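Please open the model in your viewer and keep the selection panel at hand.

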Amino acid sequence: MTIRRFNAASHKDAMRKVRDALGEDAVIVSSRKVANGAEVFAIGEADLAQLHNDDAPKTQLPQSNSDLSSVAEQLLSDVQDMRALLSQQQGVKVQDDNRKRLYRQLRAGGFSDELARQLVALLPSALNHSSKNYADALKWLQQQLLARVAHQSNMQPADWELLQHRGVMALVGPTGVGKTTTTAKLAANYVMQHGNDSLLLVTTDSYRIGAQQQLAIYAELLDVEMHALADGDSLDALAEKMQGKRLVLVDTVGMSQRDQRLAQKIAALGSADYSDATRIVLLLNAAAQQETLDEVARIYKRIAQESELAIHDCILTKLDETARMGGVLDTVIRHHLQVQAVSDGQRVPEDLRVPDIEQLIADTLTLELNESMLAASEWEAAGNQLEPSQVFTHGHLIQASMQKLRAQIPHFDMFIEAMQTGALPEQWQTSAFPDQLEVIRWAAPQPLQGWRHLTPHLGLNKKGLPLLPPVLQHRDMPILPDMAFAPVQLFDYLPETTLLDIFGEHQTGWLATLNVNHRMQANGRTYSVSELIKVHGIPLAKHTINYRGERRRLELTIAAAQSDQSEQVYQVIAGELHGGTGKNPIQRRYWLVDGHCTAEQVSERARMMLQTEEYARLTRLAWRALAEQLKPQSDSTAMEQYHLGLAAALAAIAMHVEYQGAANFAGLRGDLLSLSGKRGRVQGDKLVPAILHVVKAYESLVAAGRDVEAQEFNHE
């Protein structure tokens, strides 16, 4: 079966080419306008006829590499769907497939036509036919939506990220969206955690009658300072009042997104002293129409950008006033916003909480498909327009995913270059760590059990996200002496005491992994680290972190200790991850840190270690996945170095995508899992093959495009 592409100056000329090449009975798969005229994809009658034989062997596209087979399978499914569509148009009764049912479900839930079409086009062929269980297809759809909505979930009140912000936080949005009430709710939650001395309330609303008095009443109840910003002034006018405050919470005046004064009001939120710590949070009314929400988000984000500010966060309000959440969730996905909180009532502070997006999606997709939501005629019209184009949708998403990876992963193009050329880039062969380095994660000087290769070292940025390139280690020199003094050092093992002493002399922070039976001294006695924590451990902190696709509560315990080889005082840290179905922790880890490490630094280093602890295993997984792609070379040593560097880079990219908190990565994670056919939680072991699949599929599409152009050139 072959689908061919025809380009011409006009649609009429393109159709003439189709008739000349494939005959009068050719089936048009897709047609569109392009920059130089028109483009038509068509299939011959003989190829289509093969699909009418139920016993016909599975057809495949001619392919230059194995990745085209998956494209062929999707294409076969598309033509089968097209056949059903043609039968329906000819009057033959065809039962709805799951793709169309999911489309209707999304539209009934309030999602836009554009997003609904995009999502259902990604439905795997195995879940599409009506004979399959619709519940499985609906579960797949819920996972797709959840992966695309950036949000905080399953967090303890003390870990609510929105309340940990230091600097200015301004709530913006149209009139009536609930800014003043939400400001009061946030202020009340903040006071319960941090007290009232470090909070300053500011209002810029001088338009609404009683607006300032309303916030003043809340400020008085909370015993918090409050000031009004005069019309035309910026936050710099309150610089003296803001001194010494941990959080400045600003309730802004409500203005329509079409108000010409909006740009001036947004610009006034900038402050010279808080330029790097100003956070703008957009409030979205869940009961509003999807078109209105889209316009609000688009205009507010554009105006903020023009004022050298940015809107990445949002709070969903009035959940108690809407029956369908699809419209607001659609807006969140479209504009890459991170849902920080939801509000569903007027009570202060009870009716503001961490979002349960999974439940909101489930509730929205379980609405009954009745005539009041989408008329039968509209359903039928939508179904007729929902032409099967899964392959072409996949091609678009593959290209979009590649663009995002290139734009958002530093030095990702070097990884692509290495894949294409069969050699590591020159910059990767110098044993030098990458730019933006804040943390070095030193891999263990011995390989994983059952593997003979040493895991490369890894550089991290200040957020603990992996950077490219990884640094290959050598058995005779596991530590590179000229690069040993990054601000923070993390070790998969306990290094020599002499190196730790050097770190102490240079005030270099570090954290090293201990096994449960490692021996340390305290008060003249020798303990295993587990015994030391039981006898002398003091609870340090509790935090909620992302760990292998889920939110987990990290509980840290600390105890002072000494090594029998040094007089320096260290700190033994025990970390327990909670959040499973049982009462016991799902993971327990022990670390040793320098004696000057603060509680906040301990928490950050422990989080980084936990989130990157799969690096060695993912590198091995990537090695095996790449083994099928790479061709042997005469120099086996050079080939192994290339193979290992490529595998470590792929593992680092997967971890960067998994733990990047930016809202636009939520959509990328969802697309990667969709394109690779993975389901469930987003984890590194799913992202490694997903990223490799997208890279190879993109190469195949580019190669296939060149082949088609060459064939057309030869025909002409």
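Leaving aside its neighbours within four places in sequence, with which residues is Leu592 in contact? Select Leu592 together with Leu494, Trp510, Leu511, Ala512, Leu514, Met520, Tyr570, Gln571 and Val572, which are its contacts (heavy atoms within 4.5 Å). This is a predicted model, in which local features need pLDDT of at least 70 and side-chain atom pairs count only at pLDDT 80 or more, whereas totals for chains, interfaces and linings use all residues. Residues are numbered from 1 along each chain as its sequence is written, and side-chain values use heavy atoms, with hydrogens and water left out.

Leu592 lies in strand S23 (residues 587–594); helices (H or I, at least four residues) and strands (E, at least two) are DSSP runs, numbered from the N terminus. Its relative accessibility is 2%, so Leu592 counts as buried (under 20% relative accessible area, 1.4 Å probe, protein chains only).

Next, select helix H6 (residues 134–148). Its buried residues include Tyr134, Trp140, Gln144 and Arg148. Among the elements covering the buried residues of H6 are helix H4 (98–108), strand S4 (150–151) and helix H22 (664–676).

Finally, select helix H20 (residues 615–627) and helix H21 (residues 636–659), which pack at an angle of about 120° with their axes 8 Å apart. Axes are lines fitted to C-alpha atoms, for helices over the stretch in contact, and angles run from 0 to 180 degrees between N-to-C directions. Residues making this contact include Trp623 of H20 and Met655 of H21.

Conventions: The expected span of a helix is 1.5 Å times one less than its number of residues. Buried means under 20% relative accessible area, exposed over 50%, partly exposed in between (1.4 Å probe, protein chains only).
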